[in-house]
Amino acid sequence: MLDWKSYTTYNTDTVSQNVPQRSGVYVIDALQDTGIWRCIYIGKSGNLQSRLLEHLYENEPNSCLKNNISTR
């Protein structure tokens, strides 16, 4: 299993460079104020790179993702 988050930040550049354009299941974790990582979303896609980039769009409809993912 590829765990790219362990060596990169979640933004458009690192997703484009490190996430494959193939199908799979993904987990998005967020660092809580307590310092503990918590799973906030699990998804599947026919193109992981494309789907993870979609989550970074300004119009992300999922409020949990929108509030926990920084696009900066």
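Modeller: A disulfide here is a pair of cysteine sulfur atoms within 2.5 Å, and by this rule the count comes to 0. The reason is distance, since the sulfur of cysteine 39 lies 9.1 Å from the closest cysteine sulfur, that of cysteine 64, which is too far for a bond.

The model is predicted, so local features need pLDDT of at least 70 and side-chain atom pairs count only at pLDDT 80 or more, whereas totals for chains, interfaces and linings use all residues. Residues are numbered from 1 along each chain as its sequence is written, and side-chain values use heavy atoms, with hydrogens and water left out.

Helices (H or I, at least four residues) and strands (E, at least two) are DSSP runs numbered from the N terminus. In H2, which spans residues 48-55, the buried residues are Leu48, Gln49, Leu52, Leu53 and His55. They lie on the same side of H2 because they cover an arc of only 150° around the axis, the arc being that of the directions from the helix axis to the C-beta atoms. These buried residues pack against helix H1 (12-18), strand S1 (24-31), strand S2 (37-45) and helix H3 (63-68), contact meaning heavy atoms within 4.5 Å. At the start of H2, a side-chain oxygen of asparagine 47 comes within 3.2 Å of the backbone nitrogen of glutamine 49.

A nonpolar core is a set of buried Ala, Val, Leu, Ile, Met, Phe, Trp, Tyr and Cys residues joined through side-chain atoms within 4.5 Å. The largest has 13 residues, and those with the most contacts inside it are Tyr10, Val15, Ile28, Leu52, Leu56 and Ile69; S1 and H2 are the elements that give two or more residues to this core. Isoleucine 69, leaving aside its neighbours within four places in sequence, is in contact with Tyr10, Ile28 and Leu56.

Terms used:
Buried < 20%, exposed > 50% of the residue type's maximum accessible area, 1.4 Å probe, protein only. Polar contact = N/O pair within 3.5 Å; in protein donor to acceptor, adjacent residues only side chain to side chain.
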